[in-house]
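Colleague: I'm new to this one. Could you walk me through how the labels are decided?

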Amino acid sequence: MKRVNARDILKKYRNDEKIVSLSLYDSWMASLADQSETDILLVGDSLGMTVLGYDSTVPVTMDDCLRHAAAVVRGSQKALVIGDLPFASYSTFEDAMKNSARFLQEAGAGGVKLEGGKAVAPIVEKLVQNGVPVMGHIGILPQSFKNDGYRVKGKSKSEAVQLIEDAKRLEAAGAFSIVLEGVASDVAKIVTDEISIPTIGIGAGVGCSGQIQVAHDILGLIEGFQPKHAKQFANLAETIKNAFLSYSKDISNGSFPGDENTF
Ligand code: KIV
């Protein structure tokens, strides 16, 4: 089966079809999403919080991301897999190229994502020139939360102007799409209309060219955590907890393992 590539994403965008993306980190979930009409599987550095137990994305390393990206590639056959360059892994072009090459060569990913607008555009341009498909990411930048927090962006005129300029610079640098995270929906729509590559929104409204969510958020996998931008399509934390409880009870009362589980 032919894998989706960055050009296919652009083709879908030009056909006015919405781009469906999920952030996830392991082979079994990748396989399920791949069978469910998902165009892009991002191996986001959000894995720091969802899987590794950190309270931000900052501690996540290139080795963490690579291991998970390789798992997602192994678990999927069709979707475009994007590796998220973690904190401080693309501060210079040399670092960005070395780490992007690791995603493409060692994990088998089809491209990389990095956070930032015009400040990182020169690095994006060189990556693209060197054969790396790049997804941009503006709005809330979780890797910079120590500077800027997790504020929704685009509420003031100056922020709106900045977002539009950032998006245009990333487009000119050759990015094939741009994540808009936590952006006022009217501004996200303007950004989307101002550029000719797809915007992939998370907390940026319905006017984007596609959407991305963290799989754990839409599946209700993290107990007590329900971000406003994520619709909960299942409550797996509850389902899993009930299953674990039944398992525990069945062991305690001697009904597991039963005859059918015994050799
Ligand atoms: O790390 C991540 O999962 C992301 C998406 C939320 C866009 O950056």
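Colleague: Why does Tyr247 count as partly exposed?

Modeller: Tyr247 has 49% relative accessibility. Buried means under 20% relative accessible area, exposed over 50%, and partly exposed is in between (1.4 Å probe, protein chains only), so Tyr247 counts as partly exposed. Bear in mind that this is a predicted model: local features need pLDDT of at least 70, side-chain atom pairs count only at pLDDT 80 or more, and totals for chains, interfaces and linings use all residues. Residues are numbered from 1 along each chain as its sequence is written, and side-chain values use heavy atoms, with hydrogens and water left out.

Colleague: What makes Phe145 and Tyr150 a stacked pair?

Modeller: Rings of Phe, Tyr and Trp (its six-membered ring) pair if their centres lie within 6.5 Å; planes under 30 degrees apart count as stacked, over 60 as edge-to-face and the rest as tilted. The centres of Phe145 and Tyr150 are 5.3 Å apart with planes at 10°, so the pair is stacked.

Colleague: And why is the pair of Tyr247 and Phe256 called tilted?

Modeller: Their ring centres lie 5.9 Å apart and the planes sit at 55°, so that pair is tilted. Phe256, at 35% relative accessibility, counts as partly exposed.
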